There are 2 protein chains.
Amino acid sequence: MIEYYDISGCYIIRPWAMSIWETMQKFFDAEIKKMKIQNCYFPLFVSPTVLQKEKDHIEGFAPEVAWVTKSGESDLEVPIAIRPTSETVMYPYYSKWIRGHRDLPLKLNQWCNVVRWEFSNPTPFIRSREFLWQEGHTAFATKSEADDEVLQILELYRRIYEEFLAVPVIKGKKSELEKFAGGLYTTTVEAFIPNTGRGIQGATSHCLGQNFSKMFEIIFENEKGEKAMAWQNSWAYTTRTIGVMVMVHGDDKGLVLPPRVASVQVIVVPVPYKDADTQGIFDACTATVETLCEAGICANMDSRDNYSPGWKYSHWEMKGVPLRIEIGPKDLAKNQVRAVRRDNGAKVDLPRSSLVERIKELLDEIQESLFVAAKQRRDACIQIVKTWDEFVEALGQRKMILAPWCDEEEVEKDVKARTKGEMGAAKTLCSPLEQPEIPEGTLCFASGKPAKRWSYWGRSY
Amino acid sequence: MIEYYDISGCYIIRPWAMSIWETMQKFFDAEIKKMKIQNCYFPLFVSPTVLQKEKDHIEGFAPEVAWVTKSGESDLEVPIAIRPTSETVMYPYYSKWIRGHRDLPLKLNQWCNVVRWEFSNPTPFIRSREFLWQEGHTAFATKSEADDEVLQILELYRRIYEEFLAVPVIKGKKSELEKFAGGLYTTTVEAFIPNTGRGIQGATSHCLGQNFSKMFEIIFENEKGEKAMAWQNSWAYTTRTIGVMVMVHGDDKGLVLPPRVASVQVIVVPVPYKDADTQGIFDACTATVETLCEAGICANMDSRDNYSPGWKYSHWEMKGVPLRIEIGPKDLAKNQVRAVRRDNGAKVDLPRSSLVERIKELLDEIQESLFVAAKQRRDACIQIVKTWDEFVEALGQRKMILAPWCDEEEVEKDVKARTKGEMGAAKTLCSPLEQPEIPEGTLCFASGKPAKRWSYWGRSY
């Protein structure tokens, strides 16, 4: 999947991981094009004056910005920043391009790299100093259009996680403390890693309100001939998606890839015996791969003669290939193949006559049961609490905690302070969009004030 | 197409240009996948020790390298370079991954941005400080495999120019002076811009030989159990392709887009008259767009009510849309549309009953005739010369000069020195792979020594 690089916090994305990224990209790119969002490309570099224009925003990013100060042997007149995100790169031009209501909506997206020179725990995919992402930046005449799009994009992010990566996520809203710096509100899809007991922000879709349009003067003349400020959104998902998938599905044997994102869905391994018809077995393997590939299934044969079948089984299990097909002398004689699932080890013999249909069914089943199993593990970690004592106990058990909350920033800060420790403090993950009922008189678990909403809490990445 | 950016030499690629890039990318990416080349992503950053490993190579790039020296307010311990190209980024890992002959060939590609902080004449698409490209990096056990791939890739580059961008190119080999720094030999597709009388390097496919594998110790055990050095290639095309297309086809009215890369192939303009059936005309326009889109033709309607049809004609001509459809009262009455070609202004009335077939034919014709016209203009600029006087005269006439050459580096340097002037010096563009015959006794136009090959000369971008 990845290789460590000689610069700390940077990683090499190898083809096995890159093809997962490409599969998601193909889906998402087609979906946003249906929404009439267009791709573009803005520069990697930002000049300092522009970068510093929106104060809250830059405060959030300033410590992580990488600065170019030299080219060749010469010092630059002014240091130039590398984009940590492109709001400030793009919006001066939105201001230029948007004059009248006919110029709206303006809906752009770019696929690119960004740099955030973080110093805390670089982790492959999850927290790296350079990463790949898409970033969408849209501007509308009205808040309700912006609000609608925020949720449409969030739904696409849910589909990436649940339908492609087989990772269950919760759609929610970030607290004021955790929202995007400079924005109005942030929606998120939140995943949870049972093994470590930590939540992880999967992807975010922000409504920026009119904060940036105020700073960057994105002003248009509306249909009545009045000046108005544009409503803006920005939204992004990153290569972190791959890391979340790895952590959610991986087991003791290694990676487990959901079929929809696996670049090899079926690996075919010949299992010859001393006195068996080796050539016949190899031919059957080759024919099987051909049949499957023709049907649009990504199949490959491991024909290496310097490794044993057993070694190959472990190798492809470690790499996470969803389905292994073995063909030995008995299979050859019976005109069948043996299929072995990566997710649960189940073995089944399939007649070669109906191979394509059965393999397709099996791959669909694996995709589905990976999701169901992950959801069961995740749901088993969710704990509803109503009091501080219950909260502390659940946190000790590394749960994803759903609690009634007064929704006050000071209380969240206080919870953070009170739970500080070796494992890291607890914070809000999100308030789920689907809110359970709050019975009259329900109190905040932390402050004892009247609860305004249910919110997920926990440690996070 | 582009917007100038507030950092000199950086440009914003707007959707109109980005979609051209995406069309080419889709084609090229599918073709290299057929060749079993896999996509990956290596970091943007290079540490200085690695960057400087191959001396000839770094000498070629050193003055243009951008250096990151700070993150936030802190100085980095060691300055870090931004990739100008990724040979030195990747090859330490090739050395790690390649151990035995079974690890070869290793064939990787990445789509990314690179930075070359040039100071000479930044020009949109043609010479920018950051640009998008693909870079392929492959390693083989034998030179003949590497040689074969160099030409396979070069053929794909030819197809991008000729089949997509309708730009004629010449396949050739670069001189020793002009080849890629650190490589063994460089092949190129060379285009020519008649208006300015300059050649332009379209894309290059390099055989690196064993130079880099020596420096980076990319050593494998061959089938006989002996240590051997890998043979390597690297190849790239950039967003410059778009700039070449713009310069080759553009006219006084603006851009001319070949249909295969146009994001809008057909623009439909309603032409209502005062007392005509305006609603009927608009409905016919909408129906026409629907019919064409369903047939896979990218069609759009310009329904804006604040611009006249005439204004719209000019607008879409300037943007280069290959075909305009006008629907007025007469067309409505006759159940036809009027189609107007961007490339030659030809008008034709088409019955709505056979619209799809006729529009498809027309788009194919436009694609073809753009190429033919561009080739005629380019060919008219090619001048064969045999003597220095003829060479100087042809250069004065801004020709692309084909001349017999002794193939000596000193002679090329001498030609450069002797032709230095306001317009820039002449240099070799390439030696065409298809060499005309060289009759016995043919002499070099510049040195008078026996000629070894025909070579194209001229001023270049």
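Let's start with chain B, where five strands make an open sheet with mixed pairing, in the order β16-β15-β17-β18-β19. A word on terms: helices (H or I, at least four residues) and strands (E, at least two) are DSSP runs, numbered from the N terminus. Two strands pair if DSSP finds at least two bridges between them. In general, strands of a sheet pair through backbone hydrogen bonds, either parallel or antiparallel.

Which strands stand at the edges of this sheet? They are β16 (299-301) and β19 (347-351) of chain B. Each has a single partner strand, so one side of each lacks a neighbour in the sheet. On average, neighbouring strands here are turned by 25° against each other, direction ignored.

Before going on, the ground rules. This is a predicted model, in which local features need pLDDT of at least 70, side-chain atom pairs count only at pLDDT 80 or more, and totals for chains, interfaces and linings use all residues. Residues are numbered from 1 along each chain as its sequence is written, chains are lettered from A and ligands numbered from 1 in the order in which they are written, and side-chain values use heavy atoms, with hydrogens and water left out.

Back to the sheet. Strand β18 (residues 336-341) of chain B runs antiparallel to β19(B), and five bridges join them. Look for B:Val340: opposite it, in β19(B), stands B:Lys347. Then find helix α9 (residues 309-319) of chain B. Helix α9 lies across β15 (266-270) and β17 (323-327) of chain B, at about 170° to β15(B). Axes are lines fitted to C-alpha atoms, for helices over the stretch in contact, and angles run from 0 to 180 degrees between N-to-C directions.

Next, a helix pair. Two packed helices are described by the angle between their axes and the distance between the axes. Helix α8 (residues 278-294) and helix α11 (residues 355-381), both of chain B, have axes that come within 10 Å and cross at roughly 65°. That makes α8(B) roughly perpendicular to α11(B). The cut-offs: under 35 degrees is roughly parallel, over 145 roughly antiparallel, 65 to 115 roughly perpendicular, and the rest oblique. Which residues meet here? B:Thr288, B:Thr291 and B:Leu292 in α8(B) meet B:Leu355, B:Val356 and B:Ile359 in α11(B). Contact means heavy atoms within 4.5 Å.

Now a single residue. B:Trp388 sits in helix α12 (residues 388-396) of chain B. Is B:Trp388 buried or exposed? At 17% relative accessibility, B:Trp388 counts as buried. Buried means under 20% relative accessible area, exposed over 50%, partly exposed in between (1.4 Å probe, protein chains only). Beyond neighbours within four places in sequence, B:Trp388 has contacts including B:Val415, B:Arg418 and B:Phe445.

On to chain A. A:Asp147 belongs to helix α5 (residues 143-164). At 19% relative accessibility, A:Asp147 is buried as well. Past its neighbours within four places in sequence, A:Asp147 touches A:Tyr185 and A:Cys207.

Finally, both chains. Chain A can be laid on chain B by a turn of 180° and a shift of 0.0 Å along the axis, with an RMSD of 0.0 Å. That is the relation of a two-fold axis. In chain A, the C-alpha nearest the axis belongs to A:Val68, at 2.1 Å. Copies are superposed by least squares on the C-alpha atoms of residues with pLDDT of at least 70 in both.
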